[in-house]
2 protein chains.
Amino acid sequence: MHKLYHFPLSPPCRKVRLVLAEKGLDVELIEERYWENRQDFLRMNPAGDVPVLRNPELVLPVATAICEYIEERHPEPPLLPKTVKARAEVRRLVGWFDEKFGREVSEPLLRERVIKKLSMTGQPDSQAVKSGVKAARFHLDYMNWLLERRKWLGGDAISLADFTAAAHLSCLDYISDVDWTRSEIVKEWYATVKSRPAFRSLLADQLPGFPAASHYSDLDF
Amino acid sequence: MHKLYHFPLSPPCRKVRLVLAEKGLDVELIEERYWENRQDFLRMNPAGDVPVLRNPELVLPVATAICEYIEERHPEPPLLPKTVKARAEVRRLVGWFDEKFGREVSEPLLRERVIKKLSMTGQPDSQAVKSGVKAARFHLDYMNWLLERRKWLGGDAISLADFTAAAHLSCLDYISDVDWTRSEIVKEWYATVKSRPAFRSLLADQLPGFPAASHYSDLDF
């Protein structure tokens, strides 16, 4: 049995939840308000961040490491393609979303709109919000460009690239920060990913004090 | 033949250079001042950052993706351990250094002390420098803790974890931002990694306007 220390509106945590669910693995979710620096949690993960996967074999922080571990331990269904070249492209896009999209869009928007309020560490910085919203447009355009050329973000088959991107977008969609009118093709792609059984647990998330956008769990949004 | 678009004082670029050299692969280095947003470079990598590996098979940005690609294409000598569990631990530490050490220490220190001057985008923010220097202590203590228990950072054998950590530390050492008196065991570990042939190219780096610290290339510092 897997336990996952997570925070509901954390893109890397959501990515791990999607990967576990796609592999058909049961998980017990334990919500961790990591900014409170709970001592027992820090002993398990001195980095102090989520997600952390715990099972009888290991205690493992870092979403990238967790996803590679799950893929190696439970190869079916595969979330990385077969060829070395195609795997490189999927991992490039995982990096794109976790590093670039994270830094430019999801981290600032979630920090300013959610974490600051929950952790009572100040008012949202409207400049950071504005810059995150602006950067989101560039990223949606890039996804549109990819999806005009490919069935899925990373190539012919659904992969870790799609679940990484969907994990980020779903957090922003919860707080109504995705402009779905910008690209029909991206909206269709997201609707398809969102309708997978693996997504159900994410769509049921409710964060006290932060009601989800009305269309958030609607599969025909 | 591999080409690597890189910047000398970039930890992820240095990590890729170390991995290529450990695998015995020749590389042509092309310095890219990524903040200048050169159009030809953006066409190759719309993310606009370094490193980017280019060879007859592919054009590949993102250091994590590049290192996994090289490991799969050129498995010998291995830089990831054999067992799934041990690989997870190495990838956890790669994440620790690239994400946490990067965000808390090397990115702020290199941005404030080097990139701002080169890109003429303002004066160093002394608060950011102070906070980076302070965080570096915590990280050296964590490395000390690991190396009291293991021969190498990731376990019994040298691995991607050591090269990732050494890539970050070597950039900071270039600008004299590592307090080597803090841990004898970390200093010894770094001296051992630094004396490997793969490190030679890094020790020869010279950035105009930023002379390396006098001990930087000294193997008996």
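1. Basis. Because the model is predicted, local features need pLDDT of at least 70 and side-chain atom pairs count only at pLDDT 80 or more, whereas totals for chains, interfaces and linings use all residues. Residues are numbered from 1 along each chain as its sequence is written, chains are lettered from A and ligands numbered from 1 in the order in which they are written, and side-chain values use heavy atoms, with hydrogens and water left out.

2. Fold of chain A. Chain A contains 8 helices and 4 strands (DSSP runs numbered from the N terminus: H or I of at least four residues for helices, E of at least two for strands). Their order from the N terminus is β-α-β-α-β-β-α-α-α-α-α-α. The radius of gyration, 17 Å, is close to the 17 Å that the globule rule gives for 221 residues, so chain A is as compact as a globular protein of that length (taken over C-alpha atoms; the rule is 2.2 Å times the number of residues to the power 0.38).

3. Buried residues (under 20% relative accessible area, 1.4 Å probe, protein chains only) form 57% of the 221 residues in chain A. Of the contacts (heavy atoms within 4.5 Å) with a separation of 6 or more, 68% join residues 24 or more positions apart.

4. Largest cavity. The structure has 3 cavities of 30 Å³ or more (on a 1 Å grid over the protein atoms alone, a cavity is a set of points where a 1.4 Å probe fits but cannot get out; lining residues have an atom within 4 Å of a point). The volume of the largest is about 50 Å³ (the space filled by probe spheres set on points joined across faces, edges and corners). Its lining includes A:Trp96, A:Glu99, B:Asp49 and B:Pro61; helix H4 (residues 84-118) of chain A provides the largest share, 5 residues.

5. Second largest pocket. This pocket (an open set with protein on both sides within 12 Å along at least five of seven lines) holds about 500 Å³. Among its 28 lining residues, A:Glu89, A:Val90, A:Arg92, A:Arg150 and A:Gly154 are closest to its centre. H4(A) gives the most to this lining, with 6 residues.

Notes
Buried means under 20% relative accessible area, exposed over 50%, partly exposed in between (1.4 Å probe, protein chains only).
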